[in-house]
Amino acid sequence: MMYCKNCGKEINENADICIHCGVFTDNGHVPNRVSYTAPDKPDIGLNFISFLIPIIGFIYYAVYRESFPLKSDSCGKWALAGFLINVIIVICVCLV
Ligand SMILES: [Zn+2]
């Protein structure tokens with residue numbers, strides 16, 4: 001048994017989080033927000049896919065804008081461009 005460094009109550013020595021106060025223990029399993037080291041930079045392939053299939057770009061943007069702001073921002077812009085072009089094409093087709 002060990003004791004929580006925050007509230008001092010007894011907790012399981014394998015516990016990652018104190019069940020009493022919710023503070024992380026010293027077990028070394030503290031989730032690292034930057035555990036993945038993928039670089040955050042615009043991805044040409046991803047931009048291209050977003051341009052062709054805007055919905056994928058929009059979803060990517062919504063999901064990763066926190067983790068990869070630069071990458072998702074760039075892909076969101078391409079998705080928007082692709083979306084606008086699709087709209088223009090549809091309008092042209094309907095007008096013909
Ligand atoms: Zn505690």
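Exposed here means over 50% relative accessible area, buried means under 20%, and partly exposed lies in between (1.4 Å probe, protein chains only). By that scale Lys 77, at 55% relative accessibility, counts as exposed.

This is a predicted model, in which local features need pLDDT of at least 70 and side-chain atom pairs count only at pLDDT 80 or more, while totals for chains, interfaces and linings use all residues. Residues are numbered from 1 along each chain as its sequence is written, and side-chain values use heavy atoms, with hydrogens and water left out.

## Overall layout

The chain holds three helices and two strands. Helices (H or I, at least four residues) and strands (E, at least two) are DSSP runs, numbered from the N terminus. Along the sequence the pattern reads β-β-α-α-α. Of the 96 residues in the chain, 20% are buried. Contact means heavy atoms within 4.5 Å. Among contacts between residues at least 6 apart in sequence, 34% join residues at least 24 apart.

## Helix α1

Start at the N-terminal end of α1. Asp 43 caps it, with a side-chain oxygen 3.0 Å from the backbone nitrogen of Gly 45. Such a polar contact is a pair of N or O atoms within 3.5 Å; within protein, one must be able to donate a hydrogen and the other to accept it, and residues adjacent in sequence count only if both atoms are side-chain atoms.

Leu 46, Asn 47 and Ser 50 are buried in α1. They share one side of α1, because they cover an arc of only 100° around the axis. The arc is taken from the directions from the helix axis to the C-beta atoms. An α-helix has 3.6 residues a turn, so residues three or four places apart point the same way. The other side of α1 carries Ile 44, Phe 48 and Leu 52, which are exposed. The buried residues of α1 pack against α2 (54-64) and α3.

How buried is Ser 50? Its relative accessible area is 0%. A polar atom of its side chain lies 2.7 Å from the backbone oxygen of Leu 46. Beyond its neighbours within four places in sequence, Ser 50 is in contact with Gly 57, Cys 75, Trp 78 and Ala 79.

Phe 48 also sits in α1. Its relative accessibility is 53%, so Phe 48 counts as exposed.

## Helix α2

Pro 54, Gly 57 and Tyr 60 are buried in α2. These buried residues fall within an arc of 125° seen down the axis, so they line one face of the helix. Ile 55 and Val 63, on the other side of α2, are exposed. The cover over the buried residues of α2 includes α1 and α3.

## Aromatic pairs

Rings of Phe, Tyr and Trp (its six-membered ring) pair if their centres lie within 6.5 Å; planes under 30 degrees apart count as stacked, over 60 as edge-to-face and the rest as tilted. The count comes to four aromatic pairs. Two of the pairs are set out here.

| Pair | Geometry | Centre to centre | Angle between planes |
|---|---|---|---|
| Phe 51 and Trp 78 | edge-to-face | 5.6 Å | 85° |
| Tyr 64 and Phe 68 | tilted | 5.9 Å | 45° |

Phe 51 is partly exposed at 25% relative accessible area. Trp 78 is partly exposed at 41%.

In the second pair, Tyr 64 is partly exposed at 32%, whereas Phe 68 is buried at 9%. Tyr 60, Tyr 64 and Phe 68 form one aromatic cluster. The charged end of Lys 71 sits over the ring of Phe 68, 5.2 Å from its centre. That label requires NZ of Lys or CZ of Arg within 6 Å of the ring centre and within 35 degrees of the ring normal.

## The salt bridge

How many salt bridges does a search of the whole structure find? The search finds one. A salt bridge is a side-chain nitrogen of Lys or Arg within 4 Å of a carboxyl oxygen of Asp or Glu. Asp 73 forms it with Lys 77, and the closest N and O atoms are 3.3 Å apart. Asp 73 and Lys 77 are separated by about one helical turn, because they are four residues apart in helix α3. Asp 73 is partly exposed, with a relative accessible area of 33%.
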